[in-house]
Amino acid sequence: MHPLGLYLTSFSYQEIEKKLRMAKSTSSDAQMLIRSLRTAYAATPTNLKIIDLYVVYAIVTAVIQVVYMGVVGSFPFNSFLSGVLSCVGTAVLAVCLRIQVNKENKEFKDLPPERAYADFILCNLVLHLVIMNFLG
Amino acid sequence: MARNLRLLGFLALIYASLSISGAAVIRPINEAHQSAALELFVPINGSFGSLEETYEALKTFQILGVEKGAEISHATCPVVVEKLGSSLSTSKDLFHALRVNSILGCQIDSRTFEDVASKLQALIKDANSLLDFHYAVGGLLYIKDQGINVILSDADGTFHSIKALSQSDGRWRYDSNSAESSTYAAGIALETIAGVVSLADRKLDQSKIGIVKNDIVKLFDSIKSYDDGTLYFDEKHVDASEYKGPLSTSASVVRGVTAFATVASGRLNIPSDKMLGLAKFFLSIGIPGSTKDLFNQIESLSCLKNNRVSIPLILSLPSTVLSLTSKDQLKVEVTTVFGSAAPPLTVSLVQAFHSDSKDTPVLENQELQFDSENTIHYLDIIPLKLDVGKYTLIFEISLHDPENVNTYATGGRTSLMSFVTGSIKIDKAEIGILESGAGGSETLQKLDLSRDSTLSLSANHLQKLRLSFQLITPLGHNFKPHQVFLKLRHETNVEHIFVMESSARQFKITLDFLGFVERFYYLSGKYKIELTVGDAAMENSFLRALGHIELDLPEPPEKAAHPPPQPVDPYLRFGPKQEISHIFRAPEKRPPKELSLAFLALTLLPFVGFLIGLMRLGVNLKGFPSSTVPAAFSMLFHAGIAAVLSLYVLFWLKLDLFTTLKALGFLGVLLVFVGHRTLSYHASTTAKLKSS
């Protein structure tokens, strides 16, 4: 056997072995990652969790509307835009609220959460006035 | 159908030509005026509006002999009594009230009249404008007519005050301040002076009367005339504000002059022709369309009927069309303006001119006989050998009694228009096709033009069509009507009209088709032939269809003119219009309803998931304030948000932006207040928790 061939062969063996090991570690890594994420997230305060739930709820609703548009067509286009932007807009506002309420953010340390909540309410009302006007 | 219409138009043309000449004929006032007066003056609840209008209506009815007084007096007399008794009434009101009373004869005691008379006497002393004098003097005259003894205290002074307003040309001014003089005012002034003369306690100086007579003569120098010999007065300067029009102005002058002539001693030096010309002017108006015009016309004619200057006699023809076929008589009426009988007189036809020969009279000096039963002067026209045509007749009236010559105005010679019509004989009518070359065989057919015929001819462009006939009047002369037309009409309604000329006792036309090929647009085929013969004096004017001719014309060269487009039938305009089809935007594609509802349910699913997630997170309402006031504020805060959201829903469903914003303003202020209280309470409790 050619030495180079041997070398090549041994290399390829090594490669395969390494790949197999890597694959195994990737799936376990992913599991580990998710697990660590979940444990880390469990430590999140409940009020932030509620906001996250709200954001997810809004985004899912927007996605359903986009799917409906894909199935049916975008005829009352302003209505579609109003529906989707209402959800996305409120989700963005909720994210802003989350940033301000989060105690870890030193930037907003002096800002009381009540003030942030009032902002959230005001912005939502303005947003939906525009949405209603555009709804047609 | 089309032919009938055309025939109708043709007859209408003849009728129009007759009625135009008829319009110039002057006829005395007759029953037509009575019915016109009844139509124009219509009382509403027994009243005609103002007292002035009431007087005009009542006076017109009185002159025309229409009985209307009883039903009017019921509603009008209380107004008259009120005006006479009121201290606020002006001289104008009193004048009109007294005028109306003079016709209606309302129940008014003599004390009222005396009061009014003394009031008017006082007004005359202060009067300075012509109209003030006119109303006051006129009012006093009417009181005098009621049997009350009224004497104008300062007749000379009043006369001078009125006379001071006169101008050198016989016109008057309304007051001393106005620069313009007016003919209408002259009439009023003369009427007022006549009133002053009859109210004066002693006779006025003759020299004063003479001055006024001179004024009247000067005024009549400014009379104007129309072409038909009628005379009228009009203002010299047409001033927009006070311009009355010829009828009102003439009526005012006639009223004034006749009133003055009645009271003034001696004759007025006015030519009788002018009085007759004025009478003819009023009569030539016919039946006016407005109440004011009718009143002016009728009242001035009634003034002229019995005036002391000269009474106009109107000579008129009851019928201006005399038919030889029915052996009509030439009838002439001589009456006063209201159609009543004239004094004994003789009418003679001085001259009669045919319209063709205006210089040589066809008749001279024919005396008309008098039919005393119908008060008509007549003359048989058959022995006069008058042929058909249009005539100008000149009449002269001679009164039997020489004393009447100064009383009546006959106007010398009177010229009137008249038609003599008759049936025209059509003779030697022939039609045929001729060969173009000389010596061609003449095959002329006899034609009966008294009825439609159905000829069938054929020709090519090398042949000729000939039509000839004679027209002979009842007296055997040649007759030349106004209209003799030959019409060829192609199947495509292209028409060609040829005027037939008369030559050598007959009407003849020869159509050489070779010369007409281009004019006929090279259109071969069937042509209908129509012949029109018409004249106002021809009783048997006709439009005949003669049949048709089949023309064979050469093919058109390339540059030949195309026949003009035929005018669209005017009746098509009233037919149904072409239907209009509208283009609408196609409706957008819509999904099935079920799919949309399913997705609606699907969008609600995440909300359910959100609620479930909240429950799993263990959300509770423990943070809700427990004490009363903060709890109330908190609840108000949430209710406010709910209200704003439901307002948005309403905005989406039915409200407009302005209403929404208004409501949102109020809700927003409330929400900010309540939210601030609630959230600051929350913040303070959290701070307390932290500090503790």
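On a 1 Å grid over the protein atoms alone, a cavity is a set of points where a 1.4 Å probe fits but cannot get out, and lining residues have an atom within 4 Å of a point. This is a predicted model, in which local features need pLDDT of at least 70, side-chain atom pairs count only at pLDDT 80 or more, and totals for linings use all residues. Residues are numbered from 1 along each chain as its sequence is written, and chains are lettered from A in the order in which they are written.

A search of the whole structure finds 1 cavity of 30 Å³ or more. The largest cavity holds about 40 Å³ of space, a volume being the space filled by probe spheres set on the points. Its lining includes B:Leu322, B:Ile381, B:Tyr391, B:Ser418 and B:Val420. Strands β11 (389–399) and β13 (413–421) of chain B each give two or more residues to this lining.

In chain B, the axes of helices α5 (residues 91–104) and α6 (residues 110–126) come within 11 Å and cross at roughly 140 degrees. The two helices are therefore oblique to each other. Their contact (heavy atoms within 4.5 Å) involves B:Ser91, B:Leu94, B:Leu98 and B:Asn101 of α5(B), together with B:Phe113, B:Val116, B:Lys119, B:Leu120 and B:Leu123 of α6(B).

The table gives residue classes.

| Site | Nonpolar | Polar | Charged |
|---|---|---|---|
| Contact of α5(B) with α6(B) | 6 residues | 2 residues | 1 residue |

Ala, Val, Leu, Ile, Met, Phe, Trp, Tyr, Cys and Pro count as nonpolar, Asp, Glu, Lys and Arg as charged, and the others, Gly among them, as polar.

Key:
Heavy atoms only, no water. Axes fitted to C-alpha atoms, helices over the stretch in contact; angles between N-to-C directions. Helix = DSSP H or I, 4+ residues; strand = E, 2+ residues; numbered from the N terminus. Parallel < 35°, antiparallel > 145°, perpendicular 65-115°, else oblique. 1 Å grid on protein atoms, 1.4 Å probe; cavity = no way out; pocket = protein on both sides within 12 Å on 5 of 7 lines; lining within 4 Å.
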